[in-house]
Protein chains: 2
Amino acid sequence: MLQRMKNPGKTRSVTVSDVAREAKVSKATAARVLGGYGVFSDKVHEKVMAAAKALDYRPNELARSMTTGKSGIIGVVVGDIENPFFSLAVRGISDAARAAGLNVILTNSGERIEAEKAAVRVLMGKRVDGLIVTPAESRDISHLRDIHRSGRPLALLDRALPGFDVDTVTVDDHEAAMRATRMLAQAGHRQMAYVTAVDSARHEYRDIEQIYTSSVRERIEGFLAVCRQTDIEAPERFVHLGATGPDETRAIAARLLSRADRPTAILASDSLIALEIFRVVRQMGMRVPDDLSLITFHNADWTSVTSPPITVIDQPVYALGKKVAELLIRRLKGETQAPERIVLPTSIIERGSVGPPLSSQ
Amino acid sequence: MLQRMKNPGKTRSVTVSDVAREAKVSKATAARVLGGYGVFSDKVHEKVMAAAKALDYRPNELARSMTTGKSGIIGVVVGDIENPFFSLAVRGISDAARAAGLNVILTNSGERIEAEKAAVRVLMGKRVDGLIVTPAESRDISHLRDIHRSGRPLALLDRALPGFDVDTVTVDDHEAAMRATRMLAQAGHRQMAYVTAVDSARHEYRDIEQIYTSSVRERIEGFLAVCRQTDIEAPERFVHLGATGPDETRAIAARLLSRADRPTAILASDSLIALEIFRVVRQMGMRVPDDLSLITFHNADWTSVTSPPITVIDQPVYALGKKVAELLIRRLKGETQAPERIVLPTSIIERGSVGPPLSSQ
């Protein structure tokens, strides 16, 4: 009614094709500019908008999304954007998306399942074309099954979900933990601790069924396997949960290092944890590696500039992000092959933080 | 037509109120769940969805957004998500948003103006309620004026735009640079360099009009002001642009430190730059602070664990993010006070990276 009154003489409304012709660009380009999705230059944007104005083009959001069905946007849910692991993976995702002419919007779960579900709802509501998620938990994935059922492509970054068959890119966490633990055992350590941010109700590790983050689960299993091979009794007591932030990590480190049977080596599950352990070691007047050997997952910036520099498990984080985005983009383009599970290899960068224990026990 | 055929006997469609009554929650809560915005528990989500199913509720996206006009989402565009400065600021934003029942979606401009414009278009297209942007440039802000004109609240993080009066939260960059430069001058330095990621066509600093990032502009002006007060001639030659990534920064540092008239002190514009300078100093067999004094903006993780630890300009980054989100949220709630420009104070944390130059010149 309103439209009729405004354009009394018109027999049909102006279409994207009309605007494209006027702006001398392709219809696809005009659609991208008018729809505000995908990538285009400022110059093209200007030309199309000028043509749209000249023709009095009126966008019809509903009609547009019904025609193309595409928003040109990938939604990403990461565990903790302050962890440099995730920000580097996001760069990998963004580079792959840009190469395909897609944009990325990002949300942060803070490793909380409720926040992850809210983030998924927001992104689904915003009609992203596909999602990349680092699932905080493996026990509650109904929201991820919902995405999958809706037909929207979903890919998992860094953490696999047993029994949920979608495109997944992880690293060889189990192998990596075994190699690092073996390195410590071969240096002579028998009191070794594994410290992770994953938490449980009583902050106490009892068995692997408590661990709902697949990457951490793999790592703990690798750590325990080598401990058992080395005839360390009841190595479960050396697994420490709940290093959820700097304060929590420092409390765990201080408690561990004050014990009579203190560990002579620690394997840290991420670089934020290792940093706080390193600080506590120094504040207690101890030295790395004389008083404590230290290996951490993730080749974070700081690990190479300390004295001594820290031996790390180097994960191909950028490639991890790039690869998972490429798998998703293939599906966005309509390919329908079976889901892939890609496991990228890690390597250990040996620096100066591993040595023999001061007094063999 | 379709609806009629499916519900031939119905005289009116099921409303949000009906669902709310059935689920025994408030209408606002039912609207949030059905609209997929704001914060609610899983239990409430389940109840509402069960009620919606029982009543055969059919969401009408268009009707919903026309009624509430709100998506419950804040859009954020940051310069570089891999810079820990921005990821910490985003945590401040997210915490303030969560406290107000809002969600955050994030995009990364990589400090490129074209990407920033694309990000703004994406977020506007996704109908976020308001935007927080760290503008990459002050010379091209038509896309930001467009947001403002559309009536959607906009707030600027870390960088002010002269002549563009919107809510803005920055730190005292000019003062901070003056204090740091004065500290170096008082230690006896006369050959001081300022290194920044901001670039120009020839990577060469000529005058302040080249610098389109307001925070960096303020810092360079502060640096130059103290140099002039200290009777350093033509201090402009000590400003070095183009430290855009690790390789670029290392090249600049190696070139600077190889010169006969090499600087005896460097002020780094961000912690990513300072880290690479620190690496190059060590690789060249030089020592901090004997051969080079170093101060950096941002109290990054690594600065406190090096030997010596690095003196830093500590910015209230978390508070910066929290404050700018709070200003935006006030506007989302309908408050219409004049735009605020808040400048948060910084402080210098003195550690071990500043000393007198080895040989006074």
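The following questions and answers explain how terms are applied to this predicted model.

Residues are numbered from 1 along each chain as its sequence is written, and chains are lettered from A and ligands numbered from 1 in the order in which they are written. Because the model is predicted, local features need pLDDT of at least 70, side-chain atom pairs count only at pLDDT 80 or more, and totals for chains, interfaces and linings use all residues, while side-chain values use heavy atoms, with hydrogens and water left out.

Q: What makes a stretch of chain A count as one of its helices or strands?
A: Helices are DSSP runs of H or I with at least four residues, and strands are runs of E with at least two, numbered from the N terminus. By this rule chain A has 13 helices and 12 strands.

Q: How do you know how the radius of gyration of chain A stands against that of a compact globule?
A: The radius is taken over C-alpha atoms, and the globule rule is 2.2 Å times the number of residues to the power 0.38. For 361 residues a compact globule would have a radius near 21 Å, but chain A has 26 Å. The C-alpha trace of chain A spans about 95 × 40 × 35 Å along its principal axes.

Q: Why is A:C227 called buried?
A: Buried means under 20% relative accessible area, exposed means over 50%, and partly exposed lies in between (1.4 Å probe, protein chains only). A:C227 has a relative accessible area of 0%, so A:C227 is buried. B:C227 also counts as buried, because its relative accessibility is 0%. Of the 361 residues of chain A, 56% count as buried.

Q: Why is A:P339 called partly exposed?
A: A:P339 has a relative accessible area of 34%, and therefore it is partly exposed. A:P339 is found in the loop between α13 (317-332) and β11 (341-344) of chain A.

Q: What makes A:D165 a contact of A:P339?
A: Contact means heavy atoms within 4.5 Å. Leaving aside neighbours within four places in sequence, A:P339 is in contact with A:D165, A:V166, A:D167 and A:R331. The C-alpha atoms of A:P339 and A:V14, which are 325 residues apart along the chain, are separated by 42 Å.

Q: Why is A:R219 called buried?
A: The relative accessible area of A:R219 is 5%, so this residue is buried. A:R219 lies in helix α10 (residues 214-229) of chain A. Beyond four places in sequence, A:R219 is in contact with residues including A:D173, A:Y194 and A:F297.

Q: Why is A:A176 called buried?
A: With a relative accessible area of 1%, A:A176 is therefore buried. A:A176 is found in helix α9 (residues 173-186) of chain A. Apart from neighbours within four places in sequence, A:A176 is in contact with A:F297, A:I313 and A:T346. A:A176 and A:F85 are 91 residues apart in sequence and 16 Å apart in space, C-alpha to C-alpha.

Q: Why is B:H298 called buried?
A: B:H298 has a relative accessible area of 7%, so B:H298 is buried. B:H298 has a positive phi of about 80° although it is not a glycine, and this residue is found in the loop between β9 and β10 of chain B.

Q: What is the omega of the cis peptide bond that joins B:V288 and B:P289?
A: For this cis bond, omega is about 5°. B:P289 is placed in the loop between α12 (271-283) and β9 (293-297) of chain B. The peptide bond from B:S307 to B:P308 is cis as well, with omega near -5°, and B:P308 is found in the loop between β9 and β10 (311-314) of chain B.
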